[in-house]
Amino acid sequence: MSDLNNMTAAESAATKAAIMNQVPGSEIEGQSPLHHADFASLAQQGPKTGGIHLREHKLLGHLTLRCNAENAEQLAAVERVLGVALPLQPLSSVESGNYSIRWMSPDEWLILVPGLETFEIETKFRDAMPGHYSLVNSSGGSTVLELSGDNAVTLLQKATSVDLHLNSFPVGKVVSTLFAKSTATIRRIDEQRFELVIRRSFSDYIWLWIQDASLEYGLVIEA
Amino acid sequence: MLHIYCPHCAEYREEDEFHCAGQAHISRPLDPEACSDEEWGEYLFFRKNPRGLHHELWVHAAGCRKFFNMTRDTQSYEIKEVYKIGEQPSVVAE
Ligand SMILES: [Zn+2]
């Protein structure tokens, strides 16, 4: 019986896990889950000042990696592919150029990469990773919002019970939690700037919720 | 509202991020075919309902989505300890 845990990278690559390029190419327009909200027009016509700034980072490549944090060969392979090591500390994240990695669980990471590079990176993983692991392209399942501004923290406090004080939620920390009865993976990029990875199917609800919750501060759409 | 320490995330979170999945340390019989109806029935359906210390299985459903164990006092709701799957509780009923 072949032992998945002991497979070399070559053996593992030879199993030819069926992967396909999910992005047709840059010449075909992709539509984000918030396409209908038309952030580009809102950014032009809407208010220019307010306590909340919102931007969508659409059509990024979302890769969910599950592997063994105690397997040094796997960790080295990830570093070879992405040029940066997996964050092993709970609730931490790393960023390197266009790539960013979020700790999701002791054996799970969410990697965001530029949309058009996703397939290439997936392919590299298939060739480089030894042992038992899983890499899933979940780009179509979620989208990324960036929430910033003077009232960003106050707005988030309405949505989640997580402590957002800088002492317990420093820059770079990432938490998966409840967000306005939906869920989100929240990462602090800056003192007043947060990244939310949200479910595609909840994106319209969250968009409506943010508009409502930011009424008292003023909402500026950026695109 | 319980304030629960997730041993995987290594921090406290509010109860609404978690689900309780019932009694902990229920091991499936190694040879189900060899069980009597009574043994199999005990395994499937019968659970403890103590007043006092109870070992429970919880899952950090909205967070890291990992399971862990918790020893809780069902009378005072006090959480005595949390520990990972595969570990044994250090606080046990007399
Ligand atoms: Zn957790």
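Predicted model: local features only at pLDDT ≥ 70, side-chain atom pairs only at ≥ 80, totals over all residues.
Take the metal first. The zinc ion sits in chain B, where its ligands are B:Cys6 (SG), B:Cys9 (SG), B:His60 (ND1) and B:Cys64 (SG), at 2.0 to 2.4 Å. Angles between the four donor atoms run from 106 to 116 degrees, so the arrangement is tetrahedral. Written as a pattern, the spacing of the donor residues in sequence is C-x2-C-x50-H-x3-C. That spacing brings together distant parts of the chain: B:Cys9 belongs to the loop between β1 (3–6) and β2 (11–14) of chain B, while B:Cys64, 55 residues apart from it, belongs to the loop between β4 (53–59) and β5 (67–73). Both cysteines are tucked away from solvent by the numbers. B:Cys9 has 4% relative accessibility and counts as buried because the cut-off for that label is under 20%. B:Cys64 is buried too, with a relative accessible area of 2%.

Next comes the contact between the chains. Chain A puts in 16 residues and chain B twelve residues. Together the two chains bury about 1,100 Å², and 50% of that area is on carbon and sulfur atoms. On the polar side, six residue pairs are in polar contact across the interface, both partners being at pLDDT 80 or more. In chain A, β4 (99–105) and β8 (174–179) each supply at least two residues of the side that touches chain B. The most comes from β8(A), with four residues.

Three salt bridges also cross between chain A and chain B. One of them pairs A:Lys173 with B:Glu11, at 2.6 Å from N to O. B:Glu11 lies in strand β2 of chain B and A:Lys173 in the loop between α5 (152–159) and β8 of chain A, so this pair joins two chains.

Another glutamate of chain B deserves a look. B:Glu56 is part of strand β4 of chain B, and with a relative accessible area of 4% it is buried. Its side chain makes two polar contacts listed here: one of 2.9 Å with the side chain of B:Trp58, and one of 2.8 Å with the side chain of B:Arg72. Setting aside neighbours within four places in sequence, the residues in contact with B:Glu56 include B:Cys20, B:Gly22, B:Phe68 and B:Met70.

Over all chains, the salt-bridge count comes to 15. Within chain A, A:Arg66 pairs with A:Asp107, the closest N and O atoms being 3.0 Å apart. Since A:Arg66 is in strand β2 (residues 61–66) and A:Asp107 in the loop between β4 and β5 (108–113), the bridge ties together parts of chain A that are 41 residues apart in sequence. A:Arg66 itself is partly exposed, at 35% relative accessibility. Chain A also has a network of salt bridges, linking A:Glu95, A:Arg102, A:Arg187 and A:Glu195. In chain B, the side chains of B:Lys80 and B:Glu78 form a salt bridge of 3.2 Å, N to O. Here B:Lys80 is partly exposed, with a relative accessible area of 35%, and B:Glu78 is partly exposed as well, at 43%.

Conventions: Residues numbered from 1 in each chain as written. Chains lettered and ligands numbered in written order. Heavy atoms only, no water. Donors = N, O, S within 2.8 Å, 3.2 Å for Na, K, Ca; no water. Tetrahedral: all angles 85-135°; square planar, octahedral: opposite > 155°, others 65-115°. Buried < 20%, exposed > 50% of the residue type's maximum accessible area, 1.4 Å probe, protein only. Contact = heavy atoms within 4.5 Å. Buried area = accessible area lost by both parts, 1.4 Å probe. Salt bridge = Lys/Arg side-chain N within 4 Å of Asp/Glu carboxyl O. Polar contact = N/O pair within 3.5 Å; in protein donor to acceptor, adjacent residues only side chain to side chain.
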